[in-house]
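These are my notebook entries on a single chain. I list what I looked up, entry by entry.

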Amino acid sequence: GVCKRADPPDLKNALVLLGEAQKKDGVKPNIFMYSAAIWVAEVCKDSKAAVFLLKTMRNNQCRPNAVAYDGVLSIFGAQGKLEEACSLFRLMKRDEVGPTAVTLQKLALASQKSTCPPETVVECLEGVLDQLKDYERNA
């Protein structure tokens, strides 16, 4: 199952279907197709697949939105991958995608679960705060 109600979700099949849509049917994957595949990767807790999908999306000129970024950040947050989460946040801002409340929540979760030294946590989070616009601080 590759839909939201699939139990369990099938990441391998989601990736195959995404590739087949383009190769066999000539359908260019769009934001919804990529976001759905990222969601499946998120539910499967597969950060490598989620990052791969996000990179593929960007390489295929499909501009990721906050939902796509938040899906990857969700995995990083749950796994305590703070440095990866902060790096992805910088990429998100470089792509001019505004953070959501979920974005900030997942960054906070990554900082809580991180095994990084406290000074690294502070450095990462200060970098995030430095990049937030005033109105984004109240997201």
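This is a predicted model: local features need pLDDT of at least 70, side-chain atom pairs count only at pLDDT 80 or more; totals for chains, interfaces and linings use all residues.

I call a residue buried under 20% relative accessible area, exposed over 50% and partly exposed in between, with a 1.4 Å probe and protein chains only. Residues are numbered from 1 along each chain as its sequence is written, and side-chain values use heavy atoms, with hydrogens and water left out.

Entry 1, Asp-95. I found Asp-95 in the loop between H5 and helix H6 (101–113); helices (H or I, at least four residues) and strands (E, at least two) are DSSP runs numbered from the N terminus. Asp-95 has a relative accessible area of 19%, so I log Asp-95 as buried. Not counting residues up to four places away in sequence, Asp-95 touches Arg-58, Arg-63 and Tyr-69, where contact means heavy atoms within 4.5 Å.

I placed Ser-35 in helix H2 (residues 31–43). Ser-35 is buried too, at a relative accessible area of 15%. Neighbours within four places in sequence aside, Ser-35 is in contact with Asn-65 and Ala-68. I also looked up its C-alpha separation from Tyr-69, 34 residues apart along the chain, and got 8.9 Å.

The axes of helix H4 (residues 66–78) and helix H5 (residues 82–94) come within 9 Å and cross at roughly 170°. Axes are lines fitted to C-alpha atoms, for helices over the stretch in contact, and angles run from 0 to 180 degrees between N-to-C directions. H4 and H5 are therefore roughly antiparallel; the cut-offs are under 35 degrees for roughly parallel, over 145 for roughly antiparallel, 65 to 115 for roughly perpendicular, and oblique for the rest. H4 contributes Ala-66, Tyr-69, Asp-70, Val-72, Leu-73 and Phe-76 to the contact, and H5 contributes Glu-84, Ala-85, Leu-88, Leu-91 and Met-92. By class, I noted nine nonpolar, no polar and two charged residues in this contact. Ala, Val, Leu, Ile, Met, Phe, Trp, Tyr, Cys and Pro count as nonpolar, Asp, Glu, Lys and Arg as charged, and the others, Gly among them, as polar.

Helix H3 (47–59), H4 and H5 each supply at least two residues of the lining of the largest pocket. H5 gives the largest share, seven residues.
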